[in-house]
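Welcome to this short briefing. Please take a moment to look through the sequence and the 3D picture before reading on.

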Amino acid sequence: MRIDVISVIPQVFGAYVSASVLGRARSRGVFEFHAHDLRDWAHDRHRTVDDAPFGGGQGMLMKPEPIFEAVEAVGGLADVPAKVIFFSPCGAPLTQAVAGRLSHAPRLMLVCGRYEGMDERVYALADEVISLGDYVLTGGELAALALTDAVVRLLPGALGDEMSARDESFSDGLLEYAQYTRPAEYRGMRVPDVLLSGDHAAVDRWRRESSLTRTALLRPDLLASADLTADERTAVRRVLGSRPTTGEGDEGHV
Ligand code: SAH
């Protein structure tokens, strides 16, 4: 996969995409990453990319001309057409399903906003508009990195262990089960005996139950679209029925 990012601060991406899992994947050629400075497509010698909003109001907006020209020019840097993604709190939420779908694209172009956002006309260039969540960031760069990270780790060869991307949170619509490593007892907290038993079938059953319980308690909104058997649905209803009527977030980590 090839990823091109357009931003007014292209220097912020290098450290993250060069370190750890992404860094290794990149040096093995699993993905290419190119950051471009939007100001290269500004029209004046001050390299201006923003202007005041029509109709008045606070702050500055990103002008359409540099963005159109940058997207067109960067698009031409490789033969394969890019899926063009803009970032905005008004976009569709970034989920594991979105990351999974985008991981099949041969090329992504990520366009990061700054200031008070962008002239609305630039969205004519967008194949998708994505939000990192219901909060406002100072720019789209963190959203671009979050998307890059979530997508790249799904690419074949990105993770050392091919299994590890399959088993985790959201892969079957549920949160991941609780996990433990050595020591078996720490500060009086013991690892569940079944995980030390060597009985793989029992471990699988325990993990499935752990996934179901914590999803039911922490993220019941995920259950509607999760892949559950009829027995599991009944069990989950029991867990939810016995749920204490405390405020949100009171359940702690299960
Ligand atoms: N005035 C805008 C926010 C602008 S924030 C509004 O109220 O919707 C400036 C830029 O940061 C945006 O153009 C976008 O690219 C990025 N950004 C801010 N919050 C974001 C979020 N939750 N998800 C994705 N991008 C975000």
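In which strand is the place of Glu128? Glu128 belongs to strand 7, which covers residues 128-131; helices (H or I, at least four residues) and strands (E, at least two) are DSSP runs, numbered from the N terminus. This is a predicted model, in which local features need pLDDT of at least 70, side-chain atom pairs count only at pLDDT 80 or more, and totals for chains, interfaces and linings use all residues. Residues are numbered from 1 along each chain as its sequence is written, and side-chain values use heavy atoms, with hydrogens and water left out.

**Confidence**

- pLDDT is the predictor's confidence in each residue, from 0 to 100, and the protein chain averages 93, with 93% of the residues scoring at least 70.
- Among the elements of the protein chain, strand 6 has the highest mean pLDDT (99), while helix 8 (residues 230-241) has the lowest (89).
- Over residues 246-252 the pLDDT is below 50, and this stretch has four contacts in the model beyond near neighbours in sequence; contact means heavy atoms within 4.5 Å.
- Where pLDDT is low, the predicted coordinates should not be read in detail.

- Glu128 counts as buried because its relative accessible area is 14%; buried means under 20% relative accessible area, exposed over 50%, and partly exposed in between (1.4 Å probe, protein chains only).
- The side chains of Glu128 and Arg101 are joined by a polar contact of 2.7 Å.
- A polar contact is a pair of N or O atoms within 3.5 Å; within protein, one must be able to donate a hydrogen and the other to accept it, and residues adjacent in sequence count only if both atoms are side-chain atoms.
- Asp37 sits in strand 2 (residues 32-37), and Asp37 is buried too, at 17% relative accessibility.
- The side chain of Asp37 has a polar atom 2.9 Å from the backbone nitrogen of Arg39, and a polar contact of 3.3 Å links the side chains of Asp37 and Arg47.
- Leaving out residues up to four places away in sequence, Asp37 touches Ser7, Val8, Pro10 and Arg47.

**Nonpolar cores**

- A nonpolar core is a set of buried Ala, Val, Leu, Ile, Met, Phe, Trp, Tyr and Cys residues joined through side-chain atoms within 4.5 Å.
- The largest nonpolar core has 29 residues, and Phe31, Leu108, Leu110 and Leu147 touch the most other members.
- Several elements each supply at least two residues of this core, including strand 1 (2-7), helix 2 (20-27) and strand 5 (83-93).
- Helix 5 gives the most to this core, with seven residues.
- A second, separate core of 20 residues includes Leu38, Trp41, Met109 and Leu125.
- Ala25 lies in helix 2 and is buried, with a relative accessible area of 0%.
- Beyond neighbours within four places in sequence, Ala25 is in contact with Val30, Phe31, Val152 and Ala158.

**Around the ligand**

- An oxygen atom of the ligand lies 3.1 Å from a backbone N or O atom of Gly113.
- A polar backbone atom of Gly133 is 3.0 Å from a nitrogen atom of the ligand, and a polar backbone atom of Tyr135 is 2.8 Å from a nitrogen atom of the ligand.
- Taken alone, the ligand exposes 560 Å², and the protein buries 85% of that.

Conventions. Areas by Shrake-Rupley, 256 points an atom, 1.4 Å probe, with all protein chains shown as cover.
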